[in-house]
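Me: Hey, I'm new to this one. Can you walk me through it?

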Amino acid sequence: MAAAPHPRDILMGAQGGAIALPVCDHYSGVEARMRKSLQLQAEMIEEFGACVFDVTLDCEDGAPVGGEAEHAALVVALASLASDKQRVAVRVHPVDHATFEQDIAIIAGKAGHKLCHVMLPKVESVQDIERACAALDAVDAHHLPVQALIESPGAVHRAFDIAAHPRVQSLSFGLMDFVSAHGGAIPSEGMGIDGQFTHPLVVRAKLEIASACHASGKVPSHGVVTEFRNREAFAGAARRASRELGYTRMWSIHPDQIRTIVEVFAPGEGEIETATKILVAAAAAQWAPISFEGKLEDRASYRYYWQVLERAHRTGRKLPQEVQAWFQALRP
């Protein structure tokens, strides 16, 4: 008897296989903090049973001027210590920086097999992506995807083209550079924890980036919110990024932000319970339309509820027994 079809095979074909990433991307560029970040990641993998955040080792802001090669070598050494369960990335210098090719040659050339992706800052066009991919291919890192940081009005304008590139996994929004690129037209409040969710030009840019990602099945990643002392305020910002602006991933720049992001971006227990009931009933009906609590449910809503369960799985939430087999069989 043939095995029952997996929900991902039944439901996700129409979406073209949207990329799924951990909901948090944690940045560190100082050696002690990079080591602590990797240690924390390993500890949380044991706690959650899943890698719930990426660690991105930062060359752009982390490398001292004149010490870029030494910092790149440090990144190689640290990435090489990571286990196969860990997800380690690197942010290199921009493609027009004097040390970009050096970053790629040292890091991707020596530790490309340990990296999950390369973050490219200050991406302006598809041509920047092509240049980065050519550099990766030159050191036999053909397998490495790239993520792009959008930091200018022009890059926002070209976000749909950038997101559509096949090597691009995700777009992130660089708030500080975006605001400063407007020559004072956006006040400093536009960089704050409240203003970045209310100033029209900033909100428009965030929505353009999120929309561009969803149009190509890529992951929109909300950028830096510098507040980390006030957990309630930071949680509110993360919630707005997720619930109002459509972001499915968010940057962390302090260890205290990681758990908050994971909690906010994870579905609640009620959402998981509803998704489980609907999908179990749908599977029993061989994915034909069903009536659930007086409402019609079909493959369009099944797809949504499957995405709820996938997000629960990626954020280490406890899944009901009825659906655990689907995730034990889930292809990587």
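Predicted model: local features only at pLDDT ≥ 70, side-chain atom pairs only at ≥ 80, totals over all residues.

Me: Okay, which feature does UniProt place at residues 41-255?

Reply: The unreviewed UniProt entry puts "domain: HpcH/HpaI aldolase/citrate lyase" there.

Me: How much of that span is helix and how much is strand?

Reply: Residues 41-255 are 43% helix and 16% strand. Here helices (H or I, at least four residues) and strands (E, at least two) are DSSP runs, numbered from the N terminus. The end C-alpha atoms of the span lie 10 Å apart.

Me: What does the domain assignment of the chain give?

Reply: Domain 1 (24-265) and domain 2 (268-329), with bounds that come from an automatic or database domain assignment. Their C-alpha centres lie 31 Å apart. The contact takes 7 residues from domain 1 and 7 residues from domain 2, where contact means heavy atoms within 4.5 Å.

Me: Switching to helices. At what angle do α3 and α4 pack?

Reply: About 20°, for α3 (residues 68-80) and α4 (residues 100-111), with their axes 9 Å apart. That makes α3 roughly parallel to α4. Angles under 35 degrees count as roughly parallel, over 145 as roughly antiparallel, 65 to 115 as roughly perpendicular and the rest as oblique. Axes are lines fitted to C-alpha atoms, for helices over the stretch in contact, and angles run from 0 to 180 degrees between N-to-C directions.

Me: Which residues meet there?

Reply: In α3, they include Ala72, Val75 and Val76, and in α4 they include Ile106 and Ile107.

Me: And α13 with α14, how do they cross?

Reply: The axes of α13 (residues 299-314) and α14 (residues 321-328) cross at roughly 75° and come within 11 Å. The two helices are therefore roughly perpendicular to each other. Trp306, Leu309, Glu310 and His313 of α13 make the contact with Val323, Trp326 and Phe327 of α14.

Me: What about α10 and α11?

Reply: Helix α10 (residues 231-243) and helix α11 (residues 255-265) cross at roughly 40°, and their axes come within 9 Å. That makes α10 oblique to α11. Among the residues that meet are Phe234 in α10 and Ile261 in α11.

Notes
Residues numbered from 1 in each chain as written. Heavy atoms only, no water. UniProt positions renumbered as here; feature names shortened; annotations may be inferred.
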